[in-house]
Amino acid sequence: MFDLLIKNANLPDGRSGIDIAVSGGKIAAVEAGIAAEAGEVIDATGRLVSPPFVDPHFHMDATLSLGLPRMNVSGTLLEGIQLWGELRPMLTKEALVERALRYCDLAVSQGLLYIRSHVDTSDPRLVTAEAMIEVRERVKPYIDLQLVAFPQDGYYRAADGVNSLERSLDMGLDIVGGIPHFERTMEEGGQSLAALCRIAAERGLPVDIHCDETDDPMSRHIERLAAETVRFGLQGRVAGSHLTSMHSMDNYYVSKLIPLMAEAKINVIPNPLINIMLQGRHDIYPKRRGMTRVKELLEAGLNVSFGHDCVMDPWYNMGSGDMLEVGHMAIHVAQMAGIEDKKKIFECLTVNSAKTMGIEGYGIEKGTKADFVILQARDAAEALRLKANRLFVIKGGKTIAKTAPRVSALFLDGRPETVDGAAYAPKP
Ligand SMILES: [Zn+2]
């Protein structure tokens, strides 16, 4: 007798007609034709059953603050940072907690159950850290939230940057962040990486750096980050977020850089929605795309995972908490539309991100956590194409969100009475 039995599932790896049995919040069996009884049975009817979505790069302290205290007129990264600087002194713990909890509701409805959020530590009040630590506790039953100490205004450039970052880690933030391209000089950017990697090594923490989020091809902090990672023995524990300057770098230089990144086992976190929106803004025409070299980094064996980064905040007035929207944009910007490409893109939203965040017990295998999303799509490619509806979101074997299938009624003589977009893909 199982707690839950999901019948007739398609899995992201291509297996179909699979049953998944759940017992005590864990997966007890994954195989075809499980005949046992269960407290609850869900028939997936040949739809995709995926592990939950994972967002390895987000800003939970800024989300849903759109319009406060005004809109970003130029739409640039730099005006976004300036705008956030205007809003920051007005932030209260209560408002930060309320907005973050509302975002987490949205995330759960989208099957997004793991989030790594950067938390701005530039204001020595550290009201952001205090609020996000409370949110981390309150959402624990349904979302695993990791918090990065992020010196938005610069580790050295902000008046109290060095001290505030250390204090926020003492308060209980989980990961060491940084922003080397925003320090005053290239040299100080490099020094900040050495200091931040040292802190991480001494405290036994991971590192996640906003690294080279610029179109300047000479912004090469990722090289220093890879070197400091090896120097401090942090291989596999360090993430380079954005890395957009790599888009514009000299190709010969990149042929040296990517193997250095592979040696350091850097986790690469592009943010396709934000990168395509914010990069290339100083270009007239042609305008650069600005996303890092996803295909080449994957081919070199690096772990690449995509972040949502922003939802309705000073930097981005769109976003929906839907990681499939992120993947949909990645397919276009990286021009990765082949069948195998789409499988890889789906992994960038799930298993690769889980690896970046160091999540244990993730995936659909015997013994892993009974956390799933059942999508209104047959496979990963179709889920990405449709940004498919989440029919069920299941945590520890229990349904925590549910959406009715999206079906339109049609009133046309001689044509079908209903249309289900998920039924239109040609059978392979
Ligand atoms: Zn960011």
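Let me start with strand E9. E9 is mostly covered, with 5 of its 5 residues buried. Buried means 20 or more other C-beta atoms within 10 Å of the residue's own; exposed means 12 or fewer, and partly exposed is in between, with C-beta atoms placed from the backbone. Strands (E, at least two residues) and helices (H or I, at least four) are DSSP runs, numbered from the N terminus.

Some housekeeping. This is a predicted model, where local features need pLDDT of at least 70, side-chain atom pairs count only at pLDDT 80 or more, and totals for chains, interfaces and linings use all residues. Residues are numbered from 1 along each chain as its sequence is written.

Back to E9. Which way do its residues point? Val207, Ile209 and Cys211 point one way from E9. Asp208 and His210 point the other way, and all of these are buried. In a regular strand, side chains alternate between the two faces of the sheet.

Now its neighbour. E9 (residues 207-211) pairs with strand E8 (residues 175-178) in the parallel sense, over 3 bridges. To count as paired, two strands need at least two DSSP bridges between them. Val176 stands opposite Val207 in E9. Gly178 has Ile209 of E9 as its bridge partner.

Zoom out to the sheet. It is open, with 8 strands in the order E5-E6-E7-E8-E9-E10-E11-E12 and parallel pairing. Strands E5 (53-58) and E12 (303-304) stand at the edges with a single partner strand each, so one side of each has no neighbour in the sheet.

Next, helix H4, residues 161-171. Its buried residues are Gly161, Ser164, Leu165, Ser168 and Leu169. Seen down the helix axis, they fall within an arc of 135°, so they line one face of H4. That arc is taken from the directions from the helix axis to the C-beta atoms. Asn163 and Asp170, on the other side of H4, are exposed. What do the buried residues of H4 pack against? They pack against helix H3 (127-138), strand E7 (144-150) and helix H5 (186-203). After H4 comes Gly172, with a positive phi near 130°.

On to the domains. The assignment, automatic or from a database, gives domain 1 (2-51 + 363-411) and domain 2 (53-356). Their C-alpha centres lie 30 Å apart. Across the boundary, 17 residues of domain 1 are in contact with 20 residues of domain 2. Contact means C-beta atoms, placed from the backbone, within 7 Å. Which elements of domain 1 give two or more residues to the side that touches domain 2? Helix H14 (380-386), strand E14 (390-395) and strand E15 (398-402) do. H14 gives the most, with 4 residues. By class, that side of domain 1 has 11 nonpolar, 2 polar and 4 charged residues. Nonpolar covers Ala, Val, Leu, Ile, Met, Phe, Trp, Tyr, Cys and Pro; charged covers Asp, Glu, Lys and Arg; the others, Gly among them, are polar.

Last, the whole protein. It has 14 helices and 17 strands. Buried residues make up 53% of the 428 residues. Its C-alpha trace spans about 65 × 45 × 45 Å along the principal axes. Of the contacts between residues at least 6 apart in sequence, 74% join residues at least 24 apart.

Definitions and conventions:
Contact = placed C-beta atoms within 7 Å.
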